[in-house]
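Good morning, colleagues. Please look at the sequence and the structure now on the screen, and I shall then take you through a few points.

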Amino acid sequence: MTPVPDRPAYLRIADTLREGIRDGSLPPGTRLPTLAELCGLHGVSEIVVRQAVALLRGEGLVETRRGGGTLVRAVPPARRVAMERYRAVAEPTAVPETTFTRDQKITWEKYRLDREFSRVRADDDLGALFELPSGTELLRRRFVFYARDEPQQISVNYLPWDVVGDTPVADPAREPWPGGTLAQLAYLGHPPIRVEEAVRSRMPTPEEAETLNMTGGVPVLAITRRLLSRAGVMEVCREIVLPADRVVLDYAIDL
């Protein structure tokens, strides 16, 4: 019988550190032993220890800070996002809110939005999503959503220019708009009657990771959304980008 070779040293070191992180003996914020200390503890070279730490960093378990060593990463509690949030925000409320503020359980004062507006033409994919010809004029809006001054979400959405052009909805100075896109479409006379979402997982682009203050090894959930009124597709969001370790998507189907 052929003997099973020993696991490489860097994997064994990573296993030991990972177990400590998961069982709580290395809680979030704990600084890992220095490279020299890990080398002495395991009797290996610095290259081996660096490989072990890089593996954990790639799994999103630790983060290395310049001048601060390598720390066990503190993962914020995941917020639960359910389809019912659209129905709730579509109803009149006594205080301003959006689906995002409800998800984050924050007041309007703790909500901030960076925005970029531009006028574009639909490519083939957007045309298909809107069920309109390619080249149709659209309003493109890119938002970065902040809760308590922390970036939590990126959203790039599109609206038909012949519906929103020369209206307050096309004015970035009017953002954030209480009720969000649902309220804006209702204001324009096209209240949504259907929401469609397609969700996939992927790794973030460098720009997304930087914008959302993400560490290495953490994927994002990328949601393509369509809002439909009786007149047709009124909004396409391509995409809503969320760090996968900060959100749980809840879907319920009545049978």
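This is a predicted model: local features need pLDDT of at least 70, side-chain atom pairs count only at pLDDT 80 or more; totals for chains, interfaces and linings use all residues.

**Valine 72 and its surroundings**

Leaving aside residues up to four places away in sequence, V72 touches I21, L26, P27, P28, G29, T30, L32, L61 and V62, where contact means heavy atoms within 4.5 Å. Residues are numbered from 1 along each chain as its sequence is written, and side-chain values use heavy atoms, with hydrogens and water left out.

V72 belongs to strand β2, residues 69-72; helices (H or I, at least four residues) and strands (E, at least two) are DSSP runs, numbered from the N terminus. Is V72 buried or exposed? V72 counts as buried because its relative accessibility is 3%, the classes being buried under 20% relative accessible area, exposed over 50% and partly exposed in between, with a 1.4 Å probe and protein chains only.

Let me turn to the annotated region. An unreviewed UniProt entry carries the annotation "domain: HTH gntR-type" for residues 7-75; such annotations may be inferred rather than shown by experiment. That span is 52% helix and 12% strand, with its end C-alpha atoms 29 Å apart.

Finally, the chain as a whole. The protein chain contains 9 helices and 10 strands, and 43% of its 255 residues count as buried. Its C-alpha atoms fill a box of roughly 70 × 45 × 45 Å, taken along the principal axes.
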